[in-house]
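Have the model open as you read.

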Amino acid sequence: MFQKILIANRGEIALRVLRACKELGIQTVVVHSTADSDAMHVRLADESVCIGPPPSRESYLNIHQIVAACEITGADAVHPGYGFLSENAKFADILAAHNITFIGPSGDHIRIMGDKIEAKRTARRLGIPVVPGSDGAISDEKEAKRVAAEIGYPVIIKASAGGGGRGMKVAHTEADLEVALQTAKSEAGAAFGDDAVYIEKYLEKPRHIEVQVFGDGAGGGVHFGERDCSLQRRHQKVWEEANSPALNAEERSRIGGICAKAIADLGYSGAGTIEFLYENGEFYFIEMNTRLQVEHPVTEAITGIDLVHEQIRVASGGGLSVRQEDIKFNGHAIECRINAEDPRTFTPSPGTITHFHTPGGLGIRVDSGVYSGYKIPPYYDSLIGKLIVHGRNRVECMMRLRRALDEFVVDGIKTTLPLFRDLVGNPDIANGDYDIHWLEKYLAKGE
Ligand code: ADP
């Protein structure tokens, strides 16, 4: 087991990882920018190292500074959290070259899944169902038209290097295709420095369902069921549930089994998420994330298993603590992402939180790095906390969520809490009857 883990992240996820380390008796080091000197993860860690000024590229993305912090403090492993360097293959390789363990998969696996065209090819080879579309990058308009005619309109053009919902354009007819192709290409080039794009069938009413998988580092793989993340705004998840209201136990074990086998065949190590769109009873792979997800706590709530403990165990060579047959799904869980944003326009609302009071009681978990008097710096993403609620079934979970949202107080800044208070009372949400476009339509109506 590791002696000392360096946490290369900030906010709620830095704290989340820190808690797991403490439980396992592992010493913690956190790194932070000058803007985060007062952050909770800095206060609670055994050691902290300031690695640079506020902009991420000079601090949380600065590989040299982070490796230097490992060497100064004698950390033997790094947990990257999510975002920042968590899916940076070069970072994983550099750590390996310094004999520091990256708590995550190999650089090669990160590389394959980071390139969406390569990821889709790999998924297809591993027997995972994929969205119909081009085999590789689209070189010109002629090829785009040919593929689109083959799979049928509407189609979506996506950036191979894409992430965060950027560089995607939908074409409903052949007339839209040229513009969609050009805009997707230039957006991708500007955002990712790589303008390779591919085409796939645009699904009109899918749900976003993702499977949590784990490779044990020794050729084995398991799944921890699925999460439904269909409630999205601008392709960003807002509310997540486990299990999905749309799946039954048989479908869960079928898709879970396919994913677990794929992970084993790939020789993958650590936590991963295989993301699908789900429509008319069919799953279509869209991408795999090679890290812990923001929404992992809903899986922890229904399985009772700490996924960060498992990541640390696997990375240290100790394998998983559970076999597939030990993983049971118990009840229902929902997570709401609470952002420091206007609940209607979603404009960021940094500033000082004058009062912060979190709900409690049976089945409630709040993962947050903020506190009363905390000043939210304007440099990073606006997630200030996650409310995770567990109940014996979905109805109990929703009742508890409504009550928890009523108790939650965040004063001094705007947050997305009022949006969740609206959603929890909506009949479609109560029935679990929504697809990936539901939230955008609901917001557009301005209800
Ligand atoms: P990113 O890595 O940028 O998040 P994804 O491939 O994971 O991109 O897609 C993000 C979201 O975009 C999906 O959850 C879904 O809402 C939408 N999307 C992606 N591909 C399709 C598709 N083929 N049809 C319809 N919607 C899609």
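Phe346 is found in the loop between β14 (332–339) and β15 (351–352). Helices (H or I, at least four residues) and strands (E, at least two) here are DSSP runs, numbered from the N terminus. Phe346 isn't a glycine, yet its phi is positive, about 65 degrees. Its relative accessibility is 9%, so Phe346 counts as buried; buried means under 20% relative accessible area, exposed over 50% and partly exposed in between (1.4 Å probe, protein chains only).

This is a predicted model, where local features need pLDDT of at least 70, side-chain atom pairs count only at pLDDT 80 or more, and totals for chains, interfaces and linings use all residues. Residues are numbered from 1 along each chain as its sequence is written, and side-chain values use heavy atoms, with hydrogens and water left out.

## An exposed Asn with positive phi

Now for Asn99, another non-glycine with a positive phi, of about 60 degrees. Asn99 sits in the loop between α4 (89–97) and β5 (101–102). At 71% relative accessibility, Asn99 counts as exposed.

## Cis peptide bonds

Most residues other than glycine have a negative phi, and most peptide bonds are trans. Tyr153 and Pro154 are joined by a cis bond, with omega about -5 degrees, and Pro154 lies in the loop between α7 (141–151) and β6 (155–159). Another cis bond links Ala242 to Asn243, with omega about -5 degrees; Asn243 belongs to the loop between β11 (236–242) and α9 (249–266).

## Helix α1

Buried residues of α1 include Ile13, Leu15 and Val17. After α1 comes Gly25, with a positive phi near 75 degrees.
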